[in-house]
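Have the viewer open as you read.

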Amino acid sequence: MRDSSTGSTARPSRRTVLAATAGVTTALAAGTSAYADSHDDRRLRALISRMTLEEKVGQLFVMRVYGHSATEPDQADIDANLKEIGVRTAEELIAKYRVGGIIYFAWAHNTRDPHQIAALSNGIQQASLAQPRGLPVLISTDQEHGIVARVGKPATLLPGAMALGAGGSREDARTAGRISGTELHALGIRQDYAPVADVNVNPANPVIGVRSFGADPDAVAGLVAAQVKGYQGAGVAATAKHFPGHGDTAVDSHYGFPVITHSREVWETLDATPFRAAIRAGIDSIMTAHIMVPALDDSGDPATLSPTILTGILRGELGYDGLVVTDSLGMEGVRTKYGDDRVPVLALKAGVDQLLNPPSLDVAWNAVLKAVQDGELTEARLEESILRVLRLKSKLGLLRDPYVTDAGVDRAVGTAGHLRAADRIAERTTTLLVNEDGLLPLSRRRSPRVLVVGADPASPSGSDGPPTAVLARALTELGFTASALSTGTAPSAATIARAVTAAGEADAVVVGTYNVSASSSQKTLVAQLRATGVPVIAVAIRNPYDVAQLPDVQAFVAAYSWTDVELRAAARVIAGRAEPRGELPVPVQRADDPTRVLYPVGYGLRY
């Protein structure tokens, strides 16, 4: 049965489900349904014993695939699949490689709208269960919220980690995880690569930053544990990442090989704390980092390939026996030292269970197969990881019934209650750092005309923004007459001149700032707007560290992301419809002397 390209989930009938899962049923619990959520390893081992070696290898891989449909993707997606994977569709991917997992991306056109996503998920499950000894697929994605979100509107988009850190509420973090998990579950996505457990202690960190809950390991630990309980209480496996901790690096492991220079003692008290909390909370999976930590392993290998770190420390010392998944194997951090044929083999030898998104599945899959045939890896080693994969699939109910329904999507995704909760949570995160002469809240009577300028980065989910327009629209709805002028992240002299001219017709200017550096022309924009005499309010739409580069701004608000929910909350704070209740979860150092703290953790003004 083909999943419809129109978006209908085309859910198989109960009879079809039972027929498709007959082999699983027989192996696990002949004549009963007790196998569905069983953790009986004996029964799961019976499934493994029926697998061919090729099926065992496939079960360890989680792969990308282009297309909105498992069987009938657009021609451009067929072409991309043929070029990168050597198959036309998700159905062919499963038939050829028997992959145990598939990861969704917006750029792969997997996540156009909720009913389409659900139909894709059902099509994938149908394709897998139609295979000899077919098993359900564990479908995953990166839905961190904030600046990393693969599923967009009309699904609920929530504040990201650093915003939740500013709110400081474990209850809000758990609620956000529950809402996100409930919606992902309805879409057939049962593993989320969230929450981020990295402690962001480096303001120059290019890859973590606002994806982290903050710089205080104990605060981060509490919020990580809360999110784990929220996601997993909704039936979705949470994934703490990136072990052993990616929070103190100035190198992005997508493009380079970061080295963390923390001592073992610092690692124990800083980086390890949130992962220990996640393990205590019962985390289902942990993602590895492509980083070197010489204090933990001086071999020069990335953590993803380190038996010392993954088997010795994570499993041995921290006592974790759940699923370990690599970060994407297409990232430069894991490809620097070894070839793409060696990386998956070494990862399995290190203690990994799931191999995520290799650049060439054919190369990686055949390398693992050959390693077993040559005796470098044993089938028993593969079966150890397959058992963990099947335990999780069983826990998540996938062995009972992996399908989702249109009605379930409508009941769960983007509901009015979820959207209201997202707005309430966001209001508790917005942080006011500067408010000279009580400029805020802005008065509609004294300052009715507002110009919004600034950066308009692309929407993380592809479904909201642009930020200047969102802020202008929100302020207009709050009673102001607001207009938007996009000036970008690197405004030219001509663009700055246009903004200054437009400010002449305004009573106040709101500037959305984005990663302002010492040499950024965003500083020039703010300075020239300030010189007009019109009050200037800066809203940091990503890193709160921007405030250190803008010492003369009259008011400064940290929103922590440029998604609609956080920008609307910032607008309500600016307009006085909400109190600024957020407090910095990271310290902000002085721009002229980074050894001195300008605003400490916990700083935040009130009205």
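Predicted model: local features only at pLDDT ≥ 70, side-chain atom pairs only at ≥ 80, totals over all residues.

Residues are numbered from 1 along each chain as its sequence is written, and side-chain values use heavy atoms, with hydrogens and water left out.

**The whole chain**

The protein chain has 22 helices and 18 strands; these are DSSP runs, numbered from the N terminus, with helices being H or I of at least four residues and strands E of at least two. Its radius of gyration is 25 Å, close to the 25 Å that the globule rule gives for 607 residues, so the chain is as compact as a globular protein of that length. That radius is taken over C-alpha atoms, and the rule is 2.2 Å times the number of residues to the power 0.38. Along the principal axes, the C-alpha trace spans about 75 × 55 × 40 Å.

Of the 607 residues, 63% are buried. Here buried means under 20% relative accessible area, exposed means over 50%, and partly exposed is in between (1.4 Å probe, protein chains only). Among contacts (heavy atoms within 4.5 Å) with a separation of 6 or more, 76% come from residues 24 or more positions apart. The chain exposes about 20900 Å², and carbon and sulfur atoms supply 49% of that area; accessible areas come from the Shrake-Rupley method with a 1.4 Å probe, and for residues only the protein chains shown count as cover.

In soluble globular proteins, nonpolar side chains tend to be buried together. A nonpolar core here is a set of buried Ala, Val, Leu, Ile, Met, Phe, Trp, Tyr and Cys residues joined through side-chain atoms within 4.5 Å. The largest one has 117 residues, and Leu93, Ile124 and Phe243 have the most contacts inside it. Helix α15 (residues 361–373) gives the most to this core, with 8 residues. A second, separate core has 66 residues, including Val536, Ala555, Val557 and Ala559. Leaving aside residues up to four places away in sequence, Phe243 touches Trp267, Phe275, Ile286 and Leu318, among others.

**A buried strand residue**

Where does Ala508 lie? Ala508 is in strand β14 (residues 508–513), and it is buried, with a relative accessible area of 0%. Beyond residues up to four places away in sequence, its contacts include Leu442, Arg449, Leu451 and Val534. Arg473 is 35 residues from Ala508 in sequence, and their C-alpha atoms are 15 Å apart.

**Backbone details**

Most residues other than glycine have a negative phi, and most peptide bonds are trans.

| Residue | Phi | Relative accessible area |
|---|---|---|
| Asn357 | about 50° | 8%, buried |
| Asp437 | about 55° | 81%, exposed |

Asn357 sits in the loop between β10 (355–356) and α15, while Asp437 is found in the loop between β11 (431–435) and β12.

There are cis peptide bonds to look at as well. One joins Lys153 and Pro154, with omega about 10°, and Pro154 is in the loop between β5 (148–149) and α8 (161–167). Another runs from Gly465 to Pro466, with omega near 0°; Pro466 is in the loop between β12 (449–454) and α19 (467–477).
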